[in-house]
Amino acid sequence: MARKIDEDKIARIKDAIMHTIVEHGIEATTIAMIAKKANVSGGYLYRTYTGKQDLINELYHDKVDSLYKELEYLLTINSNTIKPLIEEFIRNRVTYFLDEPNASKFFYQLLHNENFFASEIIKEKSAELMNSIKKIGVKSGEISKETTVYQLHYHILVYAVDYINFTRKNIFGEQEVTIDDVDKLTDNILNILK
């Protein structure tokens, strides 16, 4: 029973940090704010995590790990061309935003957190995935041989998230994020990588 209570508390903490950061920003969010929103004591939070950045790092690693698992799966079903892989990956980002706007905004903020540095494991996994995608893309003629792993990483993993969050702000008052953005984003990415 104690394990179930702890799992519930951890889930509440993760949900609380996501909502607090979306509402107040990473820098303004404090452990006290997270603890209050999660309905746990600050002491419990500090027994579980060394601080706010430790919790942020765990959430970032969890999210990146899920994205890499998604890409690995998409690679297994798209071994000759990258367009369907990119299209499905983008569709999932747009759907995620439409279904879970707070979680999507939170991930956007994590991507742009200056205090976060990717672990060596994340860097290696990203390079491995991007090299696999590049190999397929070069062979199919969808990616230029000169395209770097860095460019692939940005255009596949970050570009859509940035576009969605820029569009979400509706700065020019012209557009909202819709599922119709998938085709445009896919074509844009493929044109950039060629």
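Predicted model: local features only at pLDDT ≥ 70, side-chain atom pairs only at ≥ 80, totals over all residues.
α4, α5, α6 and α8 each put at least two residues into the lining of the largest cavity.

**Entry 1: the cavity**

How many cavities of 30 Å³ or more does the count give? I got 1 cavity. The largest cavity holds about 60 Å³. I then looked up who lines the largest cavity, and wrote down K63, L67, R93, Y96, S104, F107, V161 and I164. Sorted by class, that lining has 5 nonpolar, 1 polar and 2 charged residues.

Next I went to the open space. The largest pocket has a volume of about 490 Å³. It is lined by 20 residues, and Y60, A118, Y150, H153 and V158 are the closest to its centre. Which elements give two or more residues to this lining? I noted α4 (52-77), α6 (101-111), α7 (120-140) and α8 (149-169). The largest share comes from α8, with 6 residues. My class tally for the pocket lining reads 16 nonpolar, 3 polar and 1 charged.

**Entry 2: α5 against α8**

Then I turned to helix pairs. The axes of α5 and α8 come within 10 Å, and they cross at roughly 35°. I put this crossing down as right-handed. Which residues meet here? From α5 I listed I86, F89, I90, R93, V94 and F97, and from α8 I156, L157, A160, V161, I164 and R168. By class, this contact has 10 nonpolar residues, no polar ones and 2 charged ones.

**Entry 3: α5 against α9**

Last, I checked α5 (residues 83-99) with α9 (residues 181-193): their axes come within 9 Å and cross at roughly 135°. The angle is why I call α5 oblique to α9. This crossing is right-handed. On the α5 side, the contact is made by K83, I86, E87, I90, R91 and V94. On the α9 side I wrote V182, D183, L185, T186, D187, I189, L190 and L193. How do these residues divide by class? I have 8 nonpolar, 1 polar and 5 charged.

Note on methods:
Residues numbered from 1 in each chain as written. Heavy atoms only, no water. 1 Å grid on protein atoms, 1.4 Å probe; cavity = no way out; pocket = protein on both sides within 12 Å on 5 of 7 lines; lining within 4 Å. Points joined across faces, edges and corners; volume = space filled by probe spheres on them. Helix = DSSP H or I, 4+ residues; strand = E, 2+ residues; numbered from the N terminus. Nonpolar A, V, L, I, M, F, W, Y, C, P; charged D, E, K, R; others polar. Axes fitted to C-alpha atoms, helices over the stretch in contact; angles between N-to-C directions. Parallel < 35°, antiparallel > 145°, perpendicular 65-115°, else oblique. Left-handed = near helix turned anticlockwise from the far one by under 90°. Contact = heavy atoms within 4.5 Å.
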